[in-house]
Amino acid sequence: AYQRDRDRVIHSAAFRRLKSKTQVFLPPAGDQVRTRLTHTLEVTQIARTISRALRLNEDLTEAIALAHDLGHTPFGHVGERALDSVFPGFRHNEQSLRVVDVVEKHGEGLNLTAATRDGILRHSKPDESISGSVLGVPLSAEAQVVKIADGIAYINHDLDDAVRAGMLTEDGLPTIVRERLGDRHSLRINTLVVDVIHSSRNNLQTPVSGDQKIVFSEPIREAADALRRFLFECVYMPINDLPSTRQAAQIVRDLFEHYVAHPPVRTINDITQTPRDSTERWVTDIIASMTDLDARRRFERLFMPHFEEL
């Protein structure tokens, strides 16, 4: 059943669109910068490594990891906040679950297992810790692995992208990060993964049943949280203040307001309005499905003047 879940996710339209959705750095930022798809693949690989070492179900782990960000908006978390401002309560993890339950296959959904759906919904973390929970602890150990692998992946690849972009240097990392996690990209990932495996192994001798079984040791968790705070201060917040970031957010808001006032006469990205959906709900599904380029093109077509050549 979990192999079927994984295959249905990989063959979904939402999964294909991840290749053109922002992770952190808005395009054009170079061909080597992570996108939402490459982030998803890195999360999946880390999660499978941990699951294999802990003798968990790798197929379930992979299915959750591949699907966890299907509901992300164009322009990354910038787009998520913008969509939340016009459709209050929007969260990408809840939208990811909606994608597999309702949006895909013209309203039929992908008919995934309950374990995969739980992992998709509960993968998000609060602002204060890399290992916290927003909607409660995932029910399966595999889902907990994906949640912690998501954190391991993004604090490392976002740092790598920021160094490549010249926003910061490895030498500027907090001392606790360099001393406890390492001074190289590969070493930091290895330290975090190995620590999760050793710290969690004894916890799996009893049923999970909603308890937190997949954990870091306290010293490593402190260092990972320090790196996360460092990225917020030196990467995420500065990016949020860029004119291009504000423009991206405005694109999302303007598209939403336009399509609510003028509902599409043709289906966009095969997103079907079901009888129980309001226009606002349908338009939210449409906007969330868009890639960065798709959103920019539609904005230009709707709001930019077009002049005839003489």
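Reader: At what angle do helix H6 (residues 92-103) and helix H7 (residues 114-121) pack?

Author: Heads-up: this is a predicted model, where local features need pLDDT of at least 70 and side-chain atom pairs count only at pLDDT 80 or more, while totals for chains, interfaces and linings use all residues. Residues are numbered from 1 along each chain as its sequence is written, and side-chain values use heavy atoms, leaving out hydrogens and water. Helices here are DSSP runs of H or I with at least four residues, numbered from the N terminus, and axes are lines fitted to C-alpha atoms over the stretch in contact, with angles from 0 to 180 degrees between N-to-C directions. The axes of H6 and H7 sit 8 Å apart, at an angle of about 150°.

Reader: So which are H6 and H7, roughly parallel or roughly antiparallel?

Author: Under 35 degrees counts as roughly parallel, over 145 as roughly antiparallel, 65 to 115 as roughly perpendicular and the rest as oblique. H6 and H7 pack at about 150°, so they are roughly antiparallel.

Reader: Which residues of H7 make the contact with H6?

Author: Contact means heavy atoms within 4.5 Å. H6 brings Asn93, Glu94, Ser96, Leu97, Val100 and Asp101. From H7 come Arg117, Ile120 and Leu121.

Reader: What kind of aromatic pair do phenylalanine 232 and tyrosine 236 form?

Author: Rings of Phe, Tyr and Trp (its six-membered ring) pair if their centres lie within 6.5 Å; planes under 30 degrees apart are stacked, over 60 edge-to-face, and the rest tilted. The structure holds two such pairs. Phenylalanine 232 and tyrosine 236 both lie in helix H11 (residues 218-240), four residues apart. Their centres are 4.9 Å apart, with 85° between the planes, which makes the pair edge-to-face.

Reader: And what about phenylalanine 299 and phenylalanine 303: what kind of pair are they?

Author: They both lie in helix H14 (residues 292-303), about one turn of the helix apart. Phenylalanine 299 is buried at 17%, whereas phenylalanine 303 is partly exposed at 37%. The pair has 5.0 Å centre to centre and 45° between the planes, so it counts as tilted.

Reader: How far apart in space are asparagine 269 and isoleucine 287?

Author: Asparagine 269 is in the loop between helix H12 (243-261) and helix H13 (279-289), and is partly exposed at 24%. Not counting residues up to four places away in sequence, it touches Arg17, Ser289, Met290, Asp294 and Arg298. Asparagine 269 and isoleucine 287 are 18 residues apart in sequence, and their C-alpha to C-alpha distance is 9.6 Å.

Note on methods:
Helices (H or I, at least four residues) and strands (E, at least two) are DSSP runs, numbered from the N terminus. Buried means under 20% relative accessible area, exposed over 50%, partly exposed in between (1.4 Å probe, protein chains only).
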